[in-house]
Amino acid sequence: MDHRLILPCIFSCMSSFSFVSSNAQADYADKVTSLKNQFPKEEVVAYEHKEIVNFSLNQKPAPGEGKVKATVTTQITLVPIKDYIKYEDGLFYNQQISIDNIRATNSKGKEVLIQKQCTSYSQEDIFQDDTKLCVVKFPLEEKGKSCTYTYQEIYKDIKYLTSFYFNKSIPVVDETVEFDIPSWMEFDLREFNFQGAGIEKTTTKENDLTKVSFHLKNAPAYEEEEHSPNHALSYPHIICVNKAYTENGQRKVLFESVKDLYGWYRTVCDSIGNEPSELKEKVVSLTGAKKTDLEKIEAIFYWVQDNIRYIAFENGIMGFRPDAAQNVFKKKYGDCKGKANLLKEMLKLAGYDARLTWIGTSDLPYDYSLPSLSVDNHMICTVILNGKKYFLDGTEEYIALNDYAQRLQGKQVLIEDGKNYILDRIPVFPSERNKTKQVTKMRVDGDAIKGNSNVEYNGEGKIFTQMAYASTRTENKTDALSSFLRGDNGNIELSDLKTPDFSDRQKPLQINYDFKANNQVTKAGNEMYVVMDWNKEFSSLEFDNKRKNDYEFNHKYFITTQTELTVPEGYKVEYVPSSFKKVSNDYSFEASYLSKGKTIVYSKTIVINKPIIRKTEFGDWNNFIKDINKFYNDQVVLTK
Amino acid sequence: MKFPFFISYTLLFAVRAFAQAPQLGTNIENEFTVTTVPDKWKNESAVIIGQKTEYLFTRLSSGRNYSTVVRIREYIHKRIKLQDKNALEKFSAFNYVTMGKDGSAEYKIIKPGGKEEAVDMKTAVEDEKEIDPIYKPIFFSLNIKSQKIAIPNLEVGDIIDYTLKSTIDWDMKLEGIGFKPFIFTLTNSYPTLYQQYRFTMVNGMKVQYRNYNGAPNLRFDPKASVYGDKESFLSYYFLDRDREKTTDVRWNYELRTAPSVKFRVILLADNDPSSKGLGEATVDRAGLNPDDVYKRYVGAAGYVTPTVTSLVAYTTQYISKKKEEGSLKTDDDLIRESYYCLRKVFLEMYYKGPVHSDLEKYMTGKKLYKKILAEEKKNGPDKEEREDEIRIGGVTFATALRMCLSSQNIPAELQVYVPRSLGSWRDAIFMDELDFVVKVKSKRKYYFLEPFNNFDAFGTPYQYLEGAEGYSIGYDQANRYYRATIPATTLNDNLQKQDYSISFNDGMDIVKAERISSYLGDEKASLIGNANLDRSYLNYDFAKYYVEPSSDKGKKKKGNDEPVIATSDATKYDDPDKEEHIKARRDIFEKSLKEELDVDKYEDFELLKDGRYGDTALLQYKEKFTLKKLMSKAGKNYIFEVGKLIGDQIKLGQSELAGRQVEIWIPHARTIENNVSVRIPQGYTVEGLQDLNMNIDNESGSFISSAKVVPRDSVGDNDKLLISAKKIYKKNWQKKEGQ
């Protein structure tokens, strides 16, 4: 009953800004047709897009500012390929980055009135941070009449100058990213996903400046699609390494190696202000009755998973510094850093060697050979027990000790070690970790198939099911679980659903149910055709040529199915489909029907070892699916 | 009560004349101390233990008189028990808004043992919203604060208890005398133990109120009321207990089935406290007065503007010409062609005139008549504008059509109605609930005509008009109105039909399909815009309804009857983005088909009938595509899943079948027909036809299907399998089980 009489419904719109400009622009009318053919879905194209990075020394840095600053000047020549559209751009900034000199001039060199609306930007899963978004809007003229759009981003501390991507929100015909590096600055540029991207790099020297330029022609727009990997994994980009600068003959190191990066992290974390005594009572209550070290560690790890909600405050430096352990403990919420720090302090109180640990998840293609703030995006806690490292991610739910989420597997970790640091890697598990095993016994009953199934979930599938079940409203849990097990297949009805303990972390999750499957039996004269597999996993996952991005699975898969059909009285087995096997390193499918007279046993194993299918591999994948579908579309024949 | 003698006369006068206004939030009902929930709700995600919304209306003084400002205090109190993790996550953080300098929020949690923990409100952070600059001064002057807070130490089993207090000063001079009307059901997303809504009002105010579908009545509360000689504060409230949560039921209009209330607070714009007009606050329980409705709406078809004059002049000229030619014979012809000619002129003005936002608003009537009718509110979800859709303003349309028909001696009326989803006329209390259509009677039938968009055809039925109750307003004489209900459409008015021609490739794994889809009535509403995305219809419109300019072409006429358009290319429309529009249309239909079937290749889309002309205008298009996964193998046999082409039957879930507590409100009666013709490859025979012959019929609907094989001699070189299925929904309403 939230019907408030006096609440005004007036939340929307923007403020306006204007700038003076005098640049004369070219007419691109003769290029409209070819641009339209090249980028048929677009309304506007950036004919030129240039970013120039300059560096300067800040003689008297204010609090929050660095000794070296950077300015990125962006100039875009926009060419509309439709008449009179309104161009819209989003510029992000925060406490470390400001935006300045936003202006646009039309083809006659006349200033264009810009509407600018700046507001806090809510990122998914972050309750509060300092990210702001300026939405900039201005009108363009008729097609072919260009508009020059410029703005500057000022990095108050160069450590926050991290990455440059080549694919923008609109296509770019001629793109340049140029770094004007003064001789007092030691600056490195690391290239990612450049292979086959067609990016040319040139280096020239002009007096005191080294100019490093990257050029790319005809860069398509970045497009969001379902199951796209994070853009860092697929799109070409540059990561900046700000190594050192020299002032008055003195060389000052910035982030030359991981040692320097760790040094800064350590400085930030020195001022957390933990008061572990406030956690003591809870630690004692959790571990008092536990006998072994692993049981005690588990008790603390699972308590944090179960009781600390994920709410992230990442304002300014809080994006890097964990909230104090006692605060997270009292509030019962925190972000990854807060949870990692709470775990560390609780485990230390319990007598264990626990340490803060930085990690870049599988969304990032980097390791700590890259000394940059881009290298990681997550924090966990490492416990070292009898020489073995256990990596504890407090943001996970229902994960057991010594089990690791797909997003962490194989990733390098930076573990605190006083003044030093330790580099290690999270173990990689084979696809069997995520095994889903379904055992079914069934019989023909009239025009339907009836039977019983037992499904066992492990790894990611198990955790997903547990999380989904827990987060579903109590009164809807049974319906939701039933719908999940049916795969939303309207032909299947479930009954006698036996639900297990959904909170158990150690054992596989087993769900047992009876079912009735309609429309899986066809009778024709003396013959009966029976579908024994209606799940047909991956049968619809073919990629058409419209897809722009690689495809990322939720996780690796290992699916096994064993189904036994009792041959109805009076019938005999006339035909079973031939066995089928297709195996590669990345994925495989193996299935067979075995007639045993009174029964037919159907077995199937699907393995997906590789979480990402690249666009170049789509053809092979589609052929794989076509072959699977031929097998899926063959049915058992019984005759009287 | 005696006052000490030393109190000055002035103060004594003031105290006796103006009673002390009651305070909000001082009386916490016992219901808000409850910590347990009934057993029947133990398995609910959360339970609302109590919620109370309270308003206090006082008037500010200016000397001895009232000023024009009304001070409104708002108090909201809510208490929710969290019973699972879903609720824990949902109530982990709150976004809230307070108004006024003394606006405040307090949150606390109550642990299962009874311990209360106040949330430190200093941890709240600003929740910046996008605020239109023109409203920024209002936000500033009203001290509106939008904030959010994360609730610490929250666990399953806890109770969240919060209060929000706000104050605003409402200046009647600027804001008007009436607040916006509220219509809502008393069911919430969680079951509710106790809920109360309360208005305490100073003299000269009233609350319009209506409860229905079993909702509680508004009651006077003498204990909470405060009386003074010249000014009193009367308190009215409704309370509701033990209310089950909202259930998401198919085919339901919630406001017709769930307990619901309507209310609106009205202020009297009189500044003299001694005025008799400012009596004690009252409740107005009256329904709509037909006389008032007439006065309010009669002008809606009589608002002549230059646009209307232009539309009427052109259309009258066209109709007269066609009458002279003898092509318009019946009054049905005249009504239909007047409608289409008006549509053409309107579209021509839009597509050929300078497209300018102000013009657009003017053309679509948003600026017209706005003091009388809130046009925007009329445009509910059913009338939502699509990308390529423009709609003429309701008043412009009603006036223009009535005037056009009047010149042909065909009377038109205005039908004012309550949309079907809102409820019956009996329960309507606000003018804002009403809408109108033009009602025209030919010798043959009544037509109910809405302000058209590009794609509406003459006499198009609309879901919201089905059985809608209201009044007809006539224009042949003053003060003529009568009660009238708009009839429901029949199963023949709304048709969805698909005809498939099917053959197979040599490998017998791909199905080659040609499909002709036909739609009539409301069934075409969601498709017609996309089907006509190529805008070819504009050429047809412009050519068919073209009128030769009169002999004084080129002379600038004075006055309002100047024809709107008379240029050399007036019969054509050149779409600069035609190819793009055609491609976009194909993409839309390809995507739609892919959501329906496993498409191998989408090959062609062709619009056969655009659905925009005639009396019963059929939308019809042909698609060619190939499908996969419809054929499966069984030994040497092939199984063709023809059922997937006939369309899914709506399958009611167990809970829907067993527990339905409300009547069934179907959008309209309709017929769904599927015909599939399958070319049988040589050497194959068809088995399993017996399952496809079915005939079920009852008073609500019917399902008839048949299948037969036609030998090759009569149909060409191959045998053909012909399958036909027809689903009919005969009624738009069904009573619930057991009624």
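**Exercise 1.** In this predicted model, determine how many residues of domain 1 of chain A are in contact with domain 3 of chain A.

*Solution.* Contacts join 7 residues of domain 1 of chain A to 7 residues of domain 3 of chain A. By class, the domain 1 side of chain A that touches domain 3 of chain A comprises 2 nonpolar, 3 polar and 2 charged residues. The assignment places domain 1 at 15-253, domain 2 at 264-425 and domain 3 at 431-639 of chain A. Taken over C-alpha atoms, the centres of domain 1 and domain 3 of chain A are 48 Å apart.

**Exercise 2.** Decide whether A:Glu206 counts as buried or exposed.

*Solution.* First, locate the residue: A:Glu206 belongs to strand 13 (residues 200-206) of chain A. A:Glu206 is exposed because it has 8 C-beta neighbours inside 10 Å. Its C-alpha atom lies 77 Å from that of A:Asn452, 246 residues apart along the chain.

**Exercise 3.** Identify the edge strands of the open sheet of 8 strands in chain A.

*Solution.* Begin with the strand order, which is 27-28-26-25-32-36-35-34 in chain A, with mixed pairing. Strand 27 (492-498) and strand 34 (580-583) of chain A each pair on one side only, and are the edge strands. On average, neighbouring strands of this sheet are turned by 15° against each other, direction ignored. Within the sheet order, strand 25 (residues 435-445) and strand 32 (residues 557-566) of chain A run parallel and are joined by 9 bridges; A:Thr436 stands opposite A:Ile559 of strand 32 of chain A. Finally, helix 9 (residues 477-486) of chain A lies across strand 26 (448-457), strand 27 and strand 28 (509-517) of chain A, at about 125° to strand 27 of chain A.

Conventions. Residues numbered from 1 in each chain as written. Chains lettered and ligands numbered in written order. Predicted model: local features only at pLDDT ≥ 70, side-chain atom pairs only at ≥ 80, totals over all residues. Domains from an automatic or database assignment. Contact = placed C-beta atoms within 7 Å. Nonpolar A, V, L, I, M, F, W, Y, C, P; charged D, E, K, R; others polar. Helix = DSSP H or I, 4+ residues; strand = E, 2+ residues; numbered from the N terminus. Buried ≥ 20, exposed ≤ 12 C-beta atoms within 10 Å, placed from the backbone. Pairing = 2+ DSSP bridges. Axes fitted to C-alpha atoms, helices over the stretch in contact; angles between N-to-C directions.
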